Amino acid sequence: MAKKSDQLFERAQKVIPGGVNSPIRAFKALNGTPHFIETGQGSRFFDADKLQLIDCIGAWGAMILGHAHRYVVEAVKKAAVRGFAYGAPTESEIELAEMIVGAVPSVEMVRLVNSGTEATMSAIRLARGITGRSKILKFDGCYYGHLDSLLLKSSEGDDMRGLPDSAGIPPEFAELAVSVPFNDPEQVGRAFDRFGDQLAAVIVEPVAGNMGCVPPQPGFLEKLRSVCDGKNTLLIFDESTTGFRVSWGGAQELYGVQPDLTILGKIIGGGLPIGAYGGRNDLMNHVAPVGDVYQAGTLSGNGLSVAAGISTLSILKNGPVYRDLEQRSKEFEETVLKLAENYGIPIRLNRVGSMWTMFFAEEPVTDLVSARKSNLKFFDRFFQLMLGEGVHLPSSQFESAFFSSAHARKDIQQICERINLVFKRMSKEFEDDLMRW
């Protein structure tokens, strides 16, 4: 008898491209069928076949409190009773904006939008409008949403200019972006020497999350701040993932480097669709209706998303969430590294707070090139075996995993116990490969 998830996937492919509404959900690289989820509670969710899974994705970092947190659910219910959307301002929008401004060091004013991609598009337009320049410096392997001028793959050799990474992007758009390796201050300097007077902004994930979790090397973010100051180029931190994830004030608080503009998403909506961009007053006052950089959105500041965000941020601000997440995540890291050593499986576990990726690699993973050197055959087998053990991890080596406050110590222990079983099996299956490695 076919599983219900298989049946749903077959049905979905008839009406949704690839059967999914975001490509990473398709398990395409694994030639598998995604699990269709029926419900989530805390650290776990249940699929259409009633299989219970420990969730280590958390809607790609958005669910920092876990699924269906009762206070967030109650806040959304109360907001829904009052109405979904008005096309007019509300007091709750001000409250969420005040919470963001109070938390994120560089943000004095913020505009709410509907997604991280929309926030990125708007921040880029703002930077261009302020500086009168067109080019943007981005980093190989970082993902800033699917807007045309940044959905570019790395150039080859010393060209530095990106190439369209999707059909439908005119080659002319690639001329607007310069792409260099993450964590490479020398290449950043070379890019500024060549294009500095043309660069409106540098945009960076302060902790890369879409080549797997890759933290900034010491001094890298400081270098970006310095070169931007030297050329009157705006520095944009894409904190869609790291904002309110790696600390209350995001990566900029954690690393002590302030950008000019900040992009937020995910956690500020408590799992509902949202995005935001913000910065200093003098910059944000260029945005319409007070300024000449136009941006608008019918559902911006949607009441349900704002209510979920306020509730989520209130819990983060007033509880021990970050302390507990760091403690459990550190225990996880230490245990997994010991297990890998015991079985002779080379891994690198990159982690910033509760955001992490396990690479099957001997050398440190610091950029896209080193991430691609990891053993994808090992990763694919690890993912499949862990899924069979009831642990749902990102299906790509090049995505980050996340823990939530709902992951109690017993959840972490169970995950580690299952990793032990999987490593043991892999050490036998790949014995010859490990001996050659």
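Biologist: Is Cys213 buried or exposed?

Modeller: Buried means under 20% relative accessible area, exposed over 50%, and partly exposed in between, with a 1.4 Å probe and protein chains only. Cys213 has a relative accessible area of 0%, so Cys213 is buried. Cys228 counts as buried too, at 1% relative accessibility. This is a predicted model, where local features need pLDDT of at least 70, side-chain atom pairs count only at pLDDT 80 or more, and totals for chains, interfaces and linings use all residues. Residues are numbered from 1 along each chain as its sequence is written, and side-chain values use heavy atoms, without hydrogens and water.

Biologist: How many disulfides does the structure hold?

Modeller: A disulfide is a pair of cysteine sulfur atoms within 2.5 Å. The structure holds 0. For Cys213, the closest cysteine sulfur is in Cys142, 11 Å away, too far for a bond. For Cys228, the closest is also in Cys142, at 14 Å, again too far.

Biologist: How many aromatic pairs are there?

Modeller: A pair of aromatic rings is described by the distance of the centres and the angle of the planes. Rings of Phe, Tyr and Trp (its six-membered ring) pair if their centres lie within 6.5 Å; planes under 30 degrees apart are stacked, over 60 edge-to-face, the rest tilted. The structure holds 12 such pairs. In one, Phe139 and Phe220 have ring centres 5.6 Å apart and planes at 80 degrees, so the pair is edge-to-face.

Biologist: Where in the chain are Phe139 and Phe220?

Modeller: Phe139 is in strand S5 (residues 135-139) and Phe220 in helix H8 (residues 220-231), 81 residues apart. Helices (H or I, at least four residues) and strands (E, at least two) are DSSP runs, numbered from the N terminus. Phe139 is buried at 0% relative accessibility.
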